[in-house]
Amino acid sequence: MAETTAKTAATTRESASRTAEKSRTSWITTQLENERVLGYVLLTPAFLLIIVFIAYPFALGTWMALTDKVVGQPGNFIGLANFAKLLDSDIFRTAAWNTVFFTVVATAIKAALGMWLAVLLNRKFSLSRVTRAAVLLPFIVPTVLSTLVWLWMLDGTFSVFNWILRWLWDMEISVFGLVIKEDFGYIRGPNWLGEPSWAMGSIIMANVWRGLPFFAISFLAALQTVPSELYDAADIDGASGWRKFWHVTLPMIKPVAIVVVVFSFVVTFADFQLVYVLTRGGPHNSTHLLATLAYQLSMHAGNLGEGAAAALFMVPLLFVVIVLQLTYLRRIGVD
Amino acid sequence: MAQILLKDLYKTYGETPAVRGINLTIDENEFVVLVGPSGCGKTTTLRMIAGLEHITDGEIYIGERLINDVPPRDRDIAMVFQNYALYPHMTVHENMSFGLRLRKLPKDEIQRRVKEAADILDIGELLARRPKQLSGGQRQRVAMGRAIVRNPEAFLFDEPLSNLDAKLRVQMRTEIKLIHQRVRTTVVYVTHDQVEAMTLADRIVVMNDGIVEQVASPQEMYDNPSTRFVAGFIGSPSMNFLPCKLTGNGSGLSVILSDGIRLNVPADREGRYRDYLDRDLTFGIRPEHLTEQRQHTNADQQDFSCQVGVLEPMGIDTMVFMNIEGEDVCARAAPKSVKNPGEDMLFTIDMQNMHLIDPGTDKVL
Ligand SMILES: Nc1ncnc2c1ncn2[C@@H]1O[C@H](COP(=O)(O)OP(=O)(O)OP(=O)(O)O)[C@@H](O)[C@H]1O
Ligand SMILES: [Mg+2]
């Protein structure tokens, strides 16, 4: 009996609210029912963000690249003169080459080491969860902060690497009286950031250290999507460990791997913080990248137009890379 | 094309035992089906034969060779997986030839074998496609093709048909049997479907809870199950089980199912059952041996009357459910002969197909 009453009450309430709703139906509600309108409404915030933070600065930069604007003065339109001047300057050509070299080498090392790390992390071992979390550490620490630590580790005088090297170098190692390494005497160790080729090696090393977790974790996630039966099938088919990796793992994670590599390529290409903190482009411009050069031209020399032009040179280069890699992705049949 | 021997095979995952001591000899070119309920250890056993699972204890021989520590690739076996496990990035041809290419066979030999297998399986048209572009049945064929081209000592199948719809399953079942007749090889086939087991097997191995309940030919398994579990598992609908009492009736023995139902035991069984006189036992009879009243064809057929409970028409027969002393009993009757629910009906039971089970040991007597 009580149940029936409750049910009736509920029905009454329901119909009452339905009537109220109908009377409140306004123009906005009707419009929002329309999927097209709703779609645009939902897109608007993201669209505004893109305009304000990406499209506007990009357009402004493009405009500045076409003027002779210096800090504090309005610029005049000078066409492509900034670009022509840059192409003609040695320092720009060095920076462009450095950028390509730095990006290709660093990305290649990160991809190779990242894959290796991912395969290791994909195995089950005690503390595997903790290790996986720990691997992410370089990724979490703010770049400037961790780079400052690198600056100390690579310091000409206080470098911990050189300290260890020196310690090992002049140590005599013997096992049961048998000398397997004699005392080689004193060694200074490389001037990590002070010599051009060591400096390039150092910034690549720091970049690899920082970028590795992203590769390792992305590859690890991809590895875990490979169905284990495929490995069983490959075992039965007679594949050794290496062949399983080559014929099963790699093809299976290729789509993810390509996206990761493209993404990292773009980010590495435009790297600024790391180089700026470690070398400021030196010694002798040997580690200048397009990003640091652009910064130097506009902020130090105050030549905003030229700086913007240097930065803009990255766009066509990256565009080509992205188009190439995405075309490949389409070709191997990823929808 | 070799004998496979399992000796005291054990497998435990951590603390959980999955396989608890299996002894089995699979003869050359024999088609053996492992069947049993979910979780009984069929897949585990098969994967140990394949070398995909470490053996906790016991020995496996293929031919004369002890293969406990031989990696899968050196065991010369091929396996068909439940969800096919085709390489998605390879074409059908590449999928089938992968194992041969790894073994560095000459190109024309690979070509020949793939073509031959494709002809047997009728998938010649599909060789250039990727698995994604195939139907379930076609994938199934490709998975079998991948095994056939290898020309292995033994084929292992793990529920290869369970992902197909009912109609295709029946069709592929026939086809597998046909292929086995053409490509004579030792086959170990895992399924949980007893019909599949009955139709395909030279010998059936019924497993339950990690052990082997019985090994026998399909007919033997049906006629003479050795345990209550096998009796209930093989046959569809499954055997009826009723508590009963075995008593003497002057000249011979009879079983008492209820006050009204007292059935005489065939004379040739008396020696077998005499030791169990006056004991509480379980009586088993298959539905097909419990029919509407018919003309008796042997002396051991007897009639009794019971009230009809529920009817389940199947077309060719109607399943008649009744209640005897609290137990549901199913009979298989000709559709025209059945009475309405609630009415009494006369049944004929063929006591030559009766079974008596010791409820203490679950062994069929
Ligand atoms: N990797 C594993 N880790 C732990 N326990 C497992 C593992 N694989 C199987 N088992 C357990 O071992 C027992 C047997 O499993 P198995 O896969 O052999 O069963 P099955 O007979 O093939 O069943 P199904 O018909 O469901 O496939 C089950 O109790 C299962 O839970
Ligand atoms: Mg299984």
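How far apart do the C-alpha centres of domain 1 of chain A and domain 2 of chain A lie? In this predicted model, the two centres are 34 Å apart. The domain assignment of chain A gives domain 1 two segments, 91-156 and 196-331, while domain 2 covers residues 160-190.

Within chain A, one pair of helices may be followed in detail. Helix H11 of chain A spans residues 228-237 and helix H12 of chain A spans residues 241-269. Their axes come within 10 Å and cross at roughly 135°. Because of that angle, H11(A) is oblique to H12(A). The crossing in which H11(A) passes H12(A) is right-handed. On the side of H11(A), the contact is made by A:Leu230, A:Tyr231 and A:Ala234; H12(A) contributes A:Lys244, A:His247 and A:Val248. By class, the residues of this contact of H11(A) with H12(A) comprise four nonpolar, one polar and one charged.

The description now turns to the place where the two chains meet. Chain B gives 16 residues to the contact and chain A gives 13 residues. On the side of chain B that touches chain A, strand S6 (77-80) and helix H2 (92-102) of chain B each supply at least two residues. That side of chain B consists of 11 nonpolar, three polar and two charged residues.

Chain B is itself divided into domain 1, residues 4-233, and domain 2, residues 240-364. Taken over C-alpha atoms, the centres of domain 1 of chain B and domain 2 of chain B are separated by 39 Å. The contact between them draws six residues from domain 1 of chain B and seven residues from domain 2 of chain B. Where domain 1 of chain B touches domain 2 of chain B, its side has three nonpolar, two polar and one charged residues.

Finally, there is the ligand. Which residues are around ligand 1? They are B:Tyr13, B:Thr16, B:Ala18, B:Gly36, B:Ser38, B:Gly39, B:Cys40, B:Gly41, B:Lys42, B:Thr43, B:Thr44 and B:His192. Strand S2 (16-26) and helix H1 (42-50) of chain B each supply at least two residues of this shell. The largest share, three residues, comes from H1(B). In terms of residue class, the shell around ligand 1 has three nonpolar, eight polar and one charged.

How values were computed:
Residues numbered from 1 in each chain as written. Chains lettered and ligands numbered in written order. Predicted model: local features only at pLDDT ≥ 70, side-chain atom pairs only at ≥ 80, totals over all residues. Domains from an automatic or database assignment. Near = placed C-beta within 6 Å. Helix = DSSP H or I, 4+ residues; strand = E, 2+ residues; numbered from the N terminus. Nonpolar A, V, L, I, M, F, W, Y, C, P; charged D, E, K, R; others polar. Axes fitted to C-alpha atoms, helices over the stretch in contact; angles between N-to-C directions. Parallel < 35°, antiparallel > 145°, perpendicular 65-115°, else oblique. Left-handed = near helix turned anticlockwise from the far one by under 90°. Contact = placed C-beta atoms within 7 Å.
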